[in-house]
Amino acid sequence: MPSVPVSLAVLVSGEGSNLQALIDHPDRAYKIAVVISDRSGIGALGKALNAGIPAEVVEWADYASRDEFTTAVCDAAQAHGVAGLVLAGFMRILSPSAMSRFPDAIINVHPALLPSFPGANAVEQALERGVTYTGVTVHFVDEQVDHGPIIVQQPVRVNDDDDSETLHSRIQEVEHDLFPEVVAAFARGDIHVESGRVRWKTPMHAGRMR
Ligand code: GRF
């Protein structure tokens with residue numbers, strides 16, 4: 001474990017339940033240096049405020065292009081000296097310049113077992129398709145949407161009487177366990193990308209997580 005926690009930026013667009021799980025996680029391998037939102041007035045900003053974490057709004061509508069928005073987000077993160085970006089329910093797609101500035105250091109959580117059901121409405125897509133299992137994927141972000149090297153996946157059973165709310169809430173329970181564990185492992189230097197695939201430094205740890 002590094003003696004100094006690794007500083008990270010958490011990017012949000014919504015309620016921030018994953019942000020809260022990251023805040024509450026007891027592992028001190030990482031420190032949330034800043035929370036960055038693409039909109040104001042969301043629950044996640046209140047959670048940052050309550051935890052005493054600096055929060056910044058980089059309003060999507062204020063930028064003429066995705067590239068300019070991405071530059072502003074990365075500048076805000078870099079101003080806090082972070083080593084990586086953690087996308088916790090962040091609903092914007094970042095331009096490839098973000099991956100150049102934070103190579104193999106952007107982590108996303110997705111509410112489905114990728115490559116199934118990428119994009120928005122992953123929970124609804126799973127229900128419509130009638131799968132018996134969906135789940136959670138935590139992955140590194142690359143240039144394509146919901147596509148980069150997969151770090152961990154965990155299945156969630158779909159019940160006959162599930163609607164998107166009940167299923168999403170069980171998916172989120174898993175997210176809240178898994179996501180901070182992965183972020184802590186990343187901060188400890190336990191995971192890296194080799195030839196497009198994720199490698200774990202400690203196989204035992206990988207076994208427990210997978
Ligand atoms: C999560 O389920 C995440 O997988 C999805 O959006 C949701 C965000 O929830 N991309 P929250 O803002 O962390 O509560």
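1. Position of Ala-51. In this predicted model, Ala-51 sits in the loop that runs between helix 2 (43-50) and strand 3 (55-57). Its relative accessible area is 36%, so Ala-51 is classed as partly exposed. Gly-135 is 84 residues away from Ala-51 in sequence, and the two C-alpha atoms are 29 Å apart in space.

2. Helix 1 against helix 2. Helix 1 (residues 17-24) packs on helix 2 with the axes 9 Å apart and an angle of about 20° between them. Angles under 35 degrees count as roughly parallel, and helix 1 is therefore roughly parallel to helix 2. The crossing of these two helices is right-handed. On the side of helix 1 the contact involves Leu-19, Gln-20 and Ile-23, and on the side of helix 2 it involves Ala-44, Lys-47 and Ala-48. By class, the residues of this contact are 4 nonpolar, 1 polar and 1 charged.

3. The buried residues of helix 1. Which residues of helix 1 are buried? They are Asn-18, Leu-19, Ala-21, Leu-22 and Ile-23. Of these, Leu-19 and Ile-23 also take part in the contact with helix 2. The buried residues of helix 1 pack against several strands, namely strand 1 (6-12), strand 2 (30-37), strand 4 (84-87) and strand 5 (106-110). They also pack against helix 2 and helix 6.

4. Helix 5 against helix 6. The axes of helix 5 (residues 122-129) and helix 6 (residues 164-187) come within 10 Å, and they cross at roughly 120°. Helix 5 is therefore oblique to helix 6. The crossing of helix 5 and helix 6 is right-handed. Helix 5 contributes Val-123, Glu-124 and Leu-127 to the contact, while helix 6 contributes Ser-164, Leu-167, His-168 and Ile-171. Sorted by class, the contact of helix 5 with helix 6 has 4 nonpolar, 2 polar and 1 charged residues.

5. The salt bridge between Asp-27 and Arg-188. The whole structure has 7 salt bridges. One of them pairs Asp-27 with Arg-188, with the closest N and O atoms 2.6 Å apart. Asp-27 belongs to the loop between helix 1 and strand 2, and Arg-188 to the loop between helix 6 and strand 8 (191-194), so the pair ties together parts that are 161 residues apart in sequence. The cut-off for buried is under 20% relative accessible area.

6. A network around Arg-188. Arg-188 also forms a salt bridge with Asp-190, and here the closest N and O atoms are 3.3 Å apart. Asp-190 is buried, with a relative accessible area of 9%. Through shared partners, the salt bridges join Asp-27, Arg-188 and Asp-190 into one network.

7. The salt bridge between Asp-75 and Arg-101. In this pair the closest N and O atoms are 2.7 Å apart. Asp-75 is partly exposed, at a relative accessible area of 39%. Arg-101 is also partly exposed, at 29%.

8. Leu-114 and Pro-115 are joined by a cis peptide bond with an omega of about 15°. Phe-117 has a phi near 55°, which is a positive value in a residue other than glycine. The relative accessibility of Phe-117 is 14%, so this residue counts as buried.

9. Backbone of Asp-104. Asp-104 likewise has a positive phi, near 50°, and is a residue other than glycine. Its place is in the loop between helix 4 and strand 5. With a relative accessible area of 46%, Asp-104 is partly exposed.

Conventions:
Residues numbered from 1 in each chain as written. Predicted model: local features only at pLDDT ≥ 70, side-chain atom pairs only at ≥ 80, totals over all residues. Heavy atoms only, no water. Helix = DSSP H or I, 4+ residues; strand = E, 2+ residues; numbered from the N terminus. Buried < 20%, exposed > 50% of the residue type's maximum accessible area, 1.4 Å probe, protein only. Axes fitted to C-alpha atoms, helices over the stretch in contact; angles between N-to-C directions. Parallel < 35°, antiparallel > 145°, perpendicular 65-115°, else oblique. Left-handed = near helix turned anticlockwise from the far one by under 90°. Contact = heavy atoms within 4.5 Å. Nonpolar A, V, L, I, M, F, W, Y, C, P; charged D, E, K, R; others polar. Salt bridge = Lys/Arg side-chain N within 4 Å of Asp/Glu carboxyl O.
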